[in-house]
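Let's take a walk through a protein model together, one piece at a time. Have the sequence and the 3D view open while you read.

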Amino acid sequence: MSSNIKFAHIAPTSYLYELTASNGIHLILAHLVESDENYRNFYKNLNDGRPKILDNSAYEMFKQGKPMYDTNKLIHAGLQVNADYIVLSDYPNKNGQYTIDSANNNIDYFKSEGFKTFFVPQSKERDLIDYIETFRWGINNLSVDLVGVSILGVPNAFGVLNNKCQRFYSRWKMMKTLEDYGVLDMHNKNHQKRLHFLGM
């Protein structure tokens with residue numbers, strides 16, 4: 001099982017060569033593609049046969065109080081670095097339907113531009129049921145290729161975002177909770193799609 005795990009080390013621009021060489025998959029931050037030419041060119045020219053995920057930088061934008069990247073900017077950034085996947089826009093601390101509606105409106109567009117899709121469930125703070133149902137939507141949607149387990153979205157759903165210890169363990173707890181609710185039922189072929197844990 002462990003041989004199927006792919007690690008993506010996000011590195012500062014000056015250490016990209018050294019710290020990403022052992023990556024099994026590459027996670028590329030949209031805001032750095034936009035603002036850092038050296039970062040952008042590194043990933044544009046990288047052709048090591050490993051998949052590239054363009055992250056929508058929702059964590060960074062949320063923490064800075066900035067708006068999320070819109071679809072056209074994400075596609076432009078994805079084309080600039082030859083990404084395989086793009087993380088669909090997600091909306092931390094908003095009702096999960098907001099993220100679902102955005103995905104519904106944009107999945108076909110991403111696909112038409114040649115990208116696989118990566119869905120990251122979110123919810124309002126302490127709305128665990130909403131998070132679970134948003135996750136269920138992503139798992140069951142055949143147009144979603146990868147589902148993200150966010151270091152922001154999960155502790156937010158449990159209401160422990162500001163508790164470092166609980167935040168750290170919240171994703172383990174969420175996996176158990178999703179299993180209890182039948183969301184990770186491996187007898188359902190849709191539930192066998194890969195998960196990506198965003199942030200250590």
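Start with Asn106, which you'll find in helix 6. Helices here are DSSP runs of H or I with at least four residues, strands are runs of E with at least two, and both are numbered from the N terminus. Because its relative accessibility is 14%, Asn106 counts as buried. (Buried means under 20% relative accessible area, exposed means over 50%, and partly exposed is in between, using a 1.4 Å probe and protein chains only.) Asn106 and Asn72 sit 34 residues apart in sequence, and 9.8 Å separates them in space, C-alpha to C-alpha.

A quick word on what you're looking at. This is a predicted model, where local features need pLDDT of at least 70 and side-chain atom pairs count only at pLDDT 80 or more, while totals for chains, interfaces and linings use all residues. Residues are numbered from 1 along each chain as its sequence is written, and side-chain values use heavy atoms, with hydrogens and water left out.

Asn106 is part of the contact between helix 5 and helix 6, where Thr71, Asn72, Leu74 and Ile75 of helix 5 meet Asn106, Tyr109 and Phe110 of helix 6. Contact here means heavy atoms within 4.5 Å. The axes are lines fitted to C-alpha atoms, for helices over the stretch in contact, and the angles run from 0 to 180 degrees between N-to-C directions.

| Helix pair | Axis distance | Angle |
|---|---|---|
| Helix 5 (residues 71-80) and helix 6 (residues 96-112) | within 11 Å | roughly 25° |
| Helix 6 and helix 7 | within 9 Å | roughly 15° |
| Helix 7 and helix 9 (residues 164-180) | 11 Å | about 70° |

What do those angles tell you? Angles under 35 degrees count as roughly parallel, over 145 as roughly antiparallel, 65 to 115 as roughly perpendicular, and the rest as oblique. Helix 5 and helix 6 are therefore roughly parallel to each other. Helix 6 is roughly parallel to helix 7 too, whereas helix 7 is roughly perpendicular to helix 9.

There's also a handedness to see. Helix 5 passes helix 6 in a right-handed crossing, and the crossing of helix 6 and helix 7 is right-handed as well. (A crossing is right-handed if the near helix is turned clockwise from the far one by less than a right angle, and left-handed if anticlockwise.)

Now for who does the touching. Between helix 6 and helix 7, Gly96, Ile100, Ala103, Asn104 and Ile107 meet Asp130, Thr134 and Trp137. That contact has four nonpolar, three polar and one charged residues. (Ala, Val, Leu, Ile, Met, Phe, Trp, Tyr, Cys and Pro count as nonpolar, Asp, Glu, Lys and Arg as charged, and the others, Gly among them, as polar.) Between helix 7 and helix 9, Leu128, Tyr131, Ile132 and Phe135 meet Met174, Thr177 and Leu178.

Thr134, in helix 7, is worth a click. With a relative accessibility of 1%, Thr134 counts as buried. Leaving aside neighbours within four places in sequence, Thr134 is in contact with Gly96, Ile100, Phe119, Pro121 and Gln122.

**The nonpolar cores**

In soluble globular proteins, nonpolar side chains tend to be buried together. A nonpolar core is a set of buried Ala, Val, Leu, Ile, Met, Phe, Trp, Tyr and Cys residues joined through side-chain atoms within 4.5 Å. The largest one has 41 residues, and those with the most contacts inside it are Tyr43, Leu54, Phe135 and Leu178. Which helix gives the most to this core? Helix 7 (residues 128-140) does, with five residues. A second, separate core of ten residues includes Leu27, Phe118, Val120 and Leu198.

Not counting residues up to four places away in sequence, Phe135 touches Pro121, Val147, Gly148, Val149, Leu178, Val183, Leu184 and Leu195.

**Two loops to look at**

Most residues other than glycine have a negative phi. Ser57 has a positive phi of about 60° although it is not a glycine. Ser57 is in the loop between strand 2 (52-55) and helix 4 (58-63), and it is buried, at 0% relative accessible area.

Asn82 also has a positive phi, near 55°, and lies in the loop between helix 5 and strand 3 (85-87). Buried or partly exposed? At 46% relative accessibility, Asn82 counts as partly exposed.

Ala83 is in the loop between helix 5 and strand 3, and counts as buried at 9%.
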